Amino acid sequence: MEFSEQGSKNDILYWSKRLYQKEMSPSTSGNVSLKTSEGILITASGVCLNDMNEDDIVLIDYNGNLKSGNKKPSSEKIMHTEIYMRRDDINAIIHCHCPLITAFCVAGKSIKAPILPDFALMYDEIPLIPYFCPSTIQLADAVGNCFDLGNNVALLQNHGVVLGADTLQNAFYQLESIRAYVQTYFGAEVISCAKPLNKKQVAEIRQLYIKK
Ligand SMILES: [Zn+2]
């Protein structure tokens, strides 16, 4: 769907608020972007995703240079541009420090146990990228390399998560599903232990999905 710049800003404002309100992007952390015909609309540096207005969304080019707007773009702008430059199929990116998902990043673990059929359908594994200082070219490059391999989501060691999709709505829903997975996983571990589906069960659900 082609949005006007105003429509794209409204889209960013709507889904950014949902991210904050669902406790996936606390305080002033997190950033959201959307590809447009003019460049990349991205949230400004240091803003709370719940309290933004359209002036807190700026337009940058693929080198991260400001094209329009009066605010400083998110310090993670090069992570966003790097993904867009490498993946034509990605139009929207969310980066956040969702506490539940980030717990995996801090524990130094990728997410891979297929404990739920919907997870088994979507992912073999959500990879973990080693720690790089936030906002650096090294981090952007490592994320770009991970997306080059076909991943649409990556965990960042001791930092957070970044996810790309065709639309912001789909990016939000996928992130929300991962957060729900993590909540379920933690709950199961508290009760006893999370028991994953076996290989046959994973193959069965994937086969069913392919037939549809
Ligand atoms: Zn971050």
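Me: How do the axes of helix 1 and helix 6 cross in this structure?

Reply: Two packed helices are described by the angle between their axes and the distance between the axes. In this predicted model, where local features need pLDDT of at least 70 and side-chain atom pairs count only at pLDDT 80 or more, totals for chains, interfaces and linings use all residues. Residues are numbered from 1 along each chain as its sequence is written. The axes of helix 1 (residues 5-21) and helix 6 (residues 168-191) cross at roughly 10 degrees and come within 10 Å. Helix 1 is therefore roughly parallel to helix 6, a term for angles under 35 degrees, while those over 145 count as roughly antiparallel, 65 to 115 as roughly perpendicular and the rest as oblique. Axes here are lines fitted to C-alpha atoms, for helices over the stretch in contact, with angles from 0 to 180 degrees between N-to-C directions. Helices (H or I, at least four residues) and strands (E, at least two) are DSSP runs, numbered from the N terminus.

Me: Which residues make the contact between helix 1 and helix 6?

Reply: Two residues are in contact if their C-beta atoms, placed from the backbone, lie within 7 Å. Helix 1 contributes Asp11, Ile12, Trp15, Arg18 and Leu19, and helix 6 contributes Leu168, Gln169 and Phe172.

Me: Is strand 1 largely enclosed or open?

Reply: A residue is buried if 20 or more other C-beta atoms lie within 10 Å of its own, exposed if 12 or fewer, and partly exposed in between, with C-beta atoms placed from the backbone. Five of the six residues of strand 1 (residues 31-36) are buried, so this strand is largely enclosed by the rest of the structure.

Me: With which strand does strand 1 form a hairpin?

Reply: Two strands pair if DSSP finds at least two bridges between them. Strand 1 forms a hairpin with strand 2, with two residues between them, and these antiparallel strands are joined by four bridges; Ser33, for instance, has Ile42 of strand 2 as its bridge partner. Strand 1 also pairs with strand 5 (residues 92-96) in the antiparallel sense, over four bridges, and there Asn31 has His95 as its partner.

Me: What is phi of Ser27 near?

Reply: Most residues other than glycine have a negative phi, and most peptide bonds are trans. Phi of Ser27 is near 55 degrees, a positive value, and this residue sits in the loop between helix 1 and strand 1, where Ser27 is exposed, with 10 other C-beta atoms within 10 Å. Asn158 also has a positive phi, near 50 degrees.
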